[in-house]
Each structure stands twice: as structure tokens, then as C-alpha cells.
Amino acid sequence: MTTGSAVNTDTRMIAAGLAANVAVTRPFIITATGRAAPSRHAIVPAGAWAPLALMPHVDYLDNPEHRPGSGFVGGRISSIVPSLAPGAIPAQANVAVTLRPLPDSADAILRDLRSRAGLWSAPGALFARAAWTDSFVATFLDRLRENGDDARLTIAHAQASLAVRKMWLAVEWDVGVDPNASLTTAGGAAVVGRALIDAIALVDRLAAPERENLARPAHREIALAALLTALGHFIRHVRAAESVKRISVARRKLKRATDWARTILDAVGVFSVVGDAERKRWERLTAMVDVGELHDHAGGTAAKLDCLARQLEQLTCADLGNKLERTCWRPHIRRSLLRLAQPDRSIRLVLLARIRCDLIFTLATTRRLDRLYQMFPWLAAPHGAFPGCAGGALGALASLYEASRGVEIGLDMKRRLGDVRQTPGTVMRMTIHQAQAVYTSPRRVLLAAGRNYAAGAALVAQVTSHVMVKAALEEQSFGSLSLEATRYGHLGYNDAAALKDGRTRDAVVKIQQAQPAFQVTTRDDDLIRHMGLTLVRHFGAVAHSIWPTSYQRSDFTIHRTIVHSGCKPRKGKDRRAGTDGPWDRFSKHRIHQELVRSMLRTVDGGDDETLRDTIENIETPHADDGEYARAARLRGDASRKAGAWEEHDEGQAAARRAAEEPTNTADRGAILRDLVDDARRWRERDPARPQVAPQDDLLEDILLGRANLAQLAPVSDLFIPILWFAPLIDRDRLAWIAQGMPGQQARDNAARRAAQELALGGTWLGLGAVRHADRARPGRRHRLPPVHGRVVCHRGPRPCSVTRPLCRPEPARFARPPVRADNPTTDRTAEASNMYVICDEMWNSVDVYGPQSEIDRFKRRFIVPAPAGNRSRSTLAFKLEDLSGEFAWNFRDLGPHEHGMYSFAFDTLANFPTYALERLIRMFPRLYFDCECIADDDHRMGYGWFNTPPGGQDFRDDYDVPKGYWTNGGGKRTPPELRRHMMVTDALRQRLRDEELGRRGGDLRDAGDESGRFDR
């Protein structure tokens, strides 16, 4: 930012503006039924000043010289200007700025999106990178604004896409499917068929001639015939799936039906958002369906649709699943698709017409995507026009908004890079070298801070942090958040007073010079950085994070060519140069560089007056000065390449440098990015190897605020577009951190107790088991040497010090130091554990989650006093024989237990008691069993759930034991599987806790000490 009064470094002003913005009550605009809400205007609190709540770039075109409100930039904040009542902002407050109204035309929408996202100079680079462009999003929004037949087609397509996704999850991955239910009914095949019929009916409505008594053009009839043929294939496969009894055959038929549904929706999705010439639009629709031979549709499209609808409603799944309750879909999904429960197409279309699409447009253009996602989850369903984009059309809009965040931050960085020279009217670039010269002298520091030079402004954040920490050490009270002290000034804090104190000034300068930026020796050595990145590298990381090439699906090139040309790409000798698009001559690295160049040119203020062609224009126009030209010079320096401009780089280098910063070393967004990556793909299940099902349900819970997972570190500052669906995702977590992380000490004590138990020999999992020799396999009986009254059944030279508890593997640092053979303190158990003894046991552990009353009922029924003569340490036993006729021994109660959880371990002969656990979930349907097992000879192991919660993995016991399992401190699951398992477990425990609080009320933190055990 420029220096002087234009540099707003007053943290109090920023905090006050944010508080004023948050205090404004946003109107609902639209209800969950799609009708207009009673409240249409924002409510400003009494006594508040509305201009203070306005945000730059969001509510008005930013002008640093005349900011009516806060100078906060780069946040996921919705616009309040369109919803303010007339006269809410006094005329004298907005005379110097231009407020942002709602765009009122397709061109205005496109101009607004393109200028904000920095894609004005190279719009085709985004299409070459992602196979969609900002004009697709603009068309999507404009048709919602018009609220016509095109808008209804958009809504029908979105609802059908969500239904297909849920059907695919049920058919391909058995997500939420009841083993006793029909797969066609549980998957919602009838609902998907109705949604497809509605979408094709609306396409048929759009195909009607503009005037009466005119015949339809042939290309429209061919496109409709292709859609009807594909729909016939879908119904035929669903009927075939119902007629077979073998579940594997039915699953195969339903997979083909799902493929046909996806083909229809991909074609209709592109048709609904691409604004090409009329003929090309319909011919592309035909090319994308690609059904081969078209069936005869005598009597017209309406008659054929009626015939197919009758065939669909005659299916058994349509009769049983009429009200959607018999599907395996979650309740909020069923509520959002309630329209599809009607078997009558005319009623469904009437209900569809009641949805006010123009109000959806209002919420979308004011950046309130979180409310849209909460009310209409189908808007975030996968979209054929936006391949590889999590969140569908709404996710594509979110990615443009995320790019606009990067541009806003880049504009602020550029302004702060300019510093005043001694010569009036001249400006120099504030680099690390210039800043070092200022920080060498206290007088220069005070001068830079007093005149608000860039070097002085860079110290403000360090001054604020230092004053807050100093106050905390002196036990001064400043509320629950340091922001409170900054805003209200409880500490008497200000920049000038803080920097005049010699110790504070020296400490702040020392902290500033210790940053990694001051160690940079390359030419790209700007002082002002965002997350450790200079301006050019910042834009490289933005483009790489928002549109990574890893999101491109396998048929990406074919899809991009069909969208561009309207026909499939030619092969071999028939292919002509340039027919697939201008990106043929550009590498993916060059395309990335053009995106970065376009954003840099936006920062330079190089917007065009005319809209450029969306797909054809890839190269950024040349410029002689500004950030664009500087970046080009950096790239031309053969000796020192810089960040996003390195050869064969698509932003990974910049992103990698950002991850190397001290605040980002843990890759905080890894878990969330994995979930997003899963949600935008259609992974096929490989029965030959274990795989985790897509975690769509878990991602929904996170974005809707239902799962506050401990593994999710604060991620709101990262460039992840789907966070627009949950802009306050870190609010509770940051508040908990600011309050001193209450409850953290208790968890530390629990971990310390677990480590102490492990070190003191609490690892009697493979040791001390009772060997039933009469039940061993023929030829496998062995006489085992007794040790202290127990029988060693531990195979292999594993010292007892590294024996791992099977239920919860602890880190290796908790293990006891190895016991040497020549140590006189070595007991006979350690000696015996080094013997090679062949056994055939399975070591099992179970974690039970559920209502405490159900857990107590389970324990009363199956956890019984140990029989007389039991040689185990435990006084209890697991009554496994009542469930499956098998016997269990060496029972361990793995307490202490939390409320709503019970853990225990036991040993069995040869196999895990799968049948017994399947009986348990039928007897206790409200309990969830997280099980693990491992064979004593390491030939196999298992893990997974019985009564699987959303996002969990079903139990399997045919995994190979990882190499070095007993020595390297790892667990049974791979790191990604372990992260997901921990998230699933945390989400389940949070849901159970919320349900318990809803039933009983009060605080249950101490309930585990009372109800987690029972009298023995």
C-alpha cells in the first residue's frame, strides 16, 4: 500500500470495522422451500454507523485514500451493500468511493467475476487448465437471475446430480446401505430416474420453436432422441437389477445404470451453462451423450417421456421408495430432494417452478455461499461443466471468489511495497536490503514508524504481538481474546508509545530480523510477504492451490475438446493442428505462467475495456512496467529463477516454499484437501485390495458445523475454495486457543497415564494368555514352558519392551528401553519372549461407542466375572460363547473409560469372531464397534467397524502386517487411513455427545467417572 495516510496500519480500526461488520444481521433472502423470506434488508444495530461496517473490494471499489470503514482485506466476508435499506449509508460517507451493486446483466456479471479474480488478461488460460472458464459461471448466474426455463433446468440438473452421487455411493461403496434392504431401493434408483425425466422434460421445453406452427430443427430432435435413448438404457438396467437375486449381478447392473445417468447429466450440465450459438450448443449435447444407434421415438418427446415414466413407476423400488425414507440417504439430503418423492411429473415441475432462482442469484453474488450450501446442498453436487471441481457450479464460483481473495491480498502487498524516497514525489521498492538499513538505527526506526513508511509499518504486527505477550506475562486482563484489547485499548497500547520504549523496540526489531525473509539472497527479496511468499510467488501458490492439475480427470483432454469444438477429438491422420484449441501449443507449465501473469497485470491495473474471447485468448498482453514486467525480468534472469517462474513448474515451488515457513510446516490443510479431493472424484472400488469409501458424509458434517474435529488445525487462511461453504470453520477452535485451550491438561494427563501403564508392563496382550492345546490344529500342538504361572504364546524374537498394545498403538517414545539379556533385572518373561514358539492365536481389541445406557446393558450381558481357576490377571471375562460358540481368554478392561465409550481386549483361537460381532450389532443397533486384530504369527491382521458410522471403513481381517510393525512405532492403518479414522471417530463421539446433551441437558464432562464402569 502507498505510504502516508493511505497506509491504514491501526489494528484498532481494523478490529472495530470487523466487529461492526459482524454485528450487521444479514437477511435470510430465501427460505429452504425456495420461496422469498420475509426479511429482505440487513439490520444495522442501533447506534452503529453503517459505513464503518463496509469492507474494501467486497462492498466498494477499494480506494486506500478514502476508505469509509475498515482496511481489512482477504477475508471470506459477504457483501452487505445490496441488502442495506436506502439511506442506510449517508451521502457524505460514500461520496469518494464506488459501492458495488448487484450486476444486472450477463456482461456485468462476467466483468465483475473476471476483474475480481484477475483473469481479465488471459481468460482462456483457465479453460486450458480446468476445462471451464469464468464465462460458464457467469452464464450460470445470469440464468438464475432471469428465473426462466434455463434456471429451472439448472435446478433440476443440480438435484439430479446430487441424487446420482448418493446412488453411486450406495451402489459402488455400500455407504449407508442396510444389508437387509434391496440395493435398488436403498440407492434411490427410482428417485434418480424421476430427476432425469424432469431434466429431459425441461430440455424438451427449451427445444420448442420460437414461434408457433414451426417444426423443430433436426439437430434439436437428434439431441432429444439421444437423451431419451440414454434414459431408456438407465431404466432397462435398473429393471434388470431388480429381476436378479445375486447381489453381485444386481450391483453390476446398477453400476451401468449409474454410468448412463452420469452421461446424461454431464451433457445436460454443459448444455445449461455454455452460451454458444444455438446449433453448436445442441450438437455438443448429442456428441457428449454418444449413445450410438438412436431408438425410434414415434409420437414425440412428451409421449416417449410418459412411456418411460410409466415403466419407471412400475418398478418395485419406485413403489417402496415413494417417500424417500427407504433410501439410505441422510435426512437433510432427503429433505432437500423431497420434490422427487412425487410420482407425477407435472406436480414435480410445478414444485420446481416455485423455487425463486433470482433470490439464489442474490445470495450467490453477495458471496453468501455458506447459506446456499446449508439450505440447498444440491447446488454443490458434481457438475458436468466443471470437471474436477469440488462443489459443482457453486464450487466453481467459490474458486473464483478464492482467486479474488488472492488478488485483494496482492493489491495490498503492492501498495505496502512502495516507500517514499527523500526526494519528494518519488517512490522506491521496499526490499530486505532497504529494511535492514532502516533497522540498524533506532532513530530510523522511529522515523519510519512515525511517518508510516513501509519499513515502519512492517513492525506494527510485531509490536502488537509483543505488547500482548508482555501484558499476559504481567497477568494483565484483556478479555477472552487479544482482539478485545486491541479494539478497546485496555492496555493503553499504541505504536508510537511502544516503539519509544527501548526494550520493546529492540525486541521487535530482533524478532523482525529473525524471520526467514531476511535470509533471502535472491533478487526477489521484497520485504512485504504473505505467508512467507513475495508477490509473484504468492500468485503462483494461489493458482496452484485453487486449480491444481492433479484434479484433472482421466478423460480431461477429450472433455475439453468436446466443450470447445462440439465434437470429439480426431485421432491419427485425421487430426488437424489447432482443431482441439489454441492450448495445443502450450505446455501445462506455460498455461500456469499465463494465469500468474494475468493476476499480476490486474495488480498493475491493466484491465481491458472490452470483454475478450473466453477460450481463445490465453496469452497475456505485453507490458513495459509494473509487477508483470518485473516478474518477466526475474524469469529472464538465467542465474536466479524465482518461485512461480521456474521452468517446468505449475506453482508447486511457491506452494512448497509456503509450506516451509515456520507457521505452515505441518501442512495444515492436508486432511481437508484429502476429503475435498475424494468428494470431486468418482473412484471405482477395487475388490482386490482394501480401500476407504469416499468421505462425502464426513465432509458435509465438517462444512455444516456438525463435526468439530480435533485433527483439523486452523485452515481458514489457506486457499481452499470449498471453505466458502464454511467461512467460520475456525471460529470455535480459535476461540478455544485464545482462552488458553481449557481441557488440554486433562488430555495430557490421560496420555501420561497411558504411557506410564505401557512402561510399567501394561502390555499383557500376547503374554499371559491361556493356551487351549486341545483346540489347536492337528500337528500344531506344542508344550509351552510356563513362566510365573503363565504360558508364553508369543512368537518371534521380540523383546517384551517393544510388545505393542493391539487396541491403541502408542508412539514409540512411550516404550520402555530394551532389556538386555545380561542385565540381572531381566525377568523370565523377557527371556521367554525371545523364544521361537509357534502359536495360532488372534489378539483382538474392541472400542465400543454409543449411548452410555446401551453400553451398560452390553456390559451387564456379556462382560461377566471370570470363572474360578482363571489364570489371567483380570477378574472379568468376555462371554463370547453365548454369541458364536467360540471361547475367549486373556480379557483386559482397557480403562479408564470416557462417557459413551468402553474398550476391552481379548484373545481367540485362529480367527477374529466376526459372526459374534455381527450378532452384537443386531442386538445393540445403537452401538458402534471399532475392532482391531492381529495374528500371533503375523500372517495377517484386521481393522474396521461393525455398524459402520458415516465415513467409516467396514471391518476386514485379511490385511498383511506391515514390515517392521513391532519395531518402527507405526500402526495398522496407513497415515491417510489413520487420519480419516480419527476424524470419523471424533465426529461420532461429537454426535453422540450432542444427542446425549439434547436428551438430558447439562454438562457431561464428569459423567464418565460415574457411568463408565459398573460394580464388579
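Guide: Let us begin with a term: two strands pair if DSSP finds at least two bridges between them, and strands (E, at least two residues) and helices (H or I, at least four) are DSSP runs, numbered from the N terminus. This is a predicted model, in which local features need pLDDT of at least 70 and side-chain atom pairs count only at pLDDT 80 or more, while totals for chains, interfaces and linings use all residues. Residues are numbered from 1 along each chain as its sequence is written, and side-chain values use heavy atoms, with hydrogens and water left out.

Visitor: OK, what is the order of the strands in the open sheet?

Guide: The six strands run in the order 10-11-7-12-13-14, with antiparallel pairing. At the edges are strand 10 (889–893) and strand 14 (956–959), each of which pairs on one side only. From one strand to the next the twist averages 15 degrees, where axes are lines fitted to C-alpha atoms, for helices over the stretch in contact, and angles run from 0 to 180 degrees between N-to-C directions.

Visitor: And which helix packs on the sheet?

Guide: That is helix 35 (residues 852–862), which touches strand 7 (841–849), strand 11 (901–909) and strand 12, and its direction makes about 30 degrees with that of strand 11.

Visitor: Switching topic, how many residues does the largest nonpolar core have?

Guide: It has 197 residues, and W132, L231 and W378 are among those with the most contacts inside it. Such a core is a set of buried Ala, Val, Leu, Ile, Met, Phe, Trp, Tyr and Cys residues joined through side-chain atoms within 4.5 Å, and buried means under 20% relative accessible area, exposed over 50%, partly exposed in between (1.4 Å probe, protein chains only). Helix 17 (residues 392–417) gives the most to this core, with 13 residues.

Visitor: What about a second core?

Guide: A separate core of 27 residues includes L880, L927, F946 and F955.

Visitor: Where does Q691 lie?

Guide: Q691 is in the loop between helix 30 (670–679) and helix 31 (696–703), and because its relative accessible area is 18%, Q691 is buried. Leaving aside neighbours within four places in sequence, Q691 is in contact (heavy atoms within 4.5 Å) with residues including W173, R683 and Q953.

Visitor: Last one, how many disulfides are there?

Guide: A search of the whole structure finds zero disulfides, a disulfide being a pair of cysteine sulfur atoms within 2.5 Å. C389 counts as buried, because its relative accessibility is 13%.
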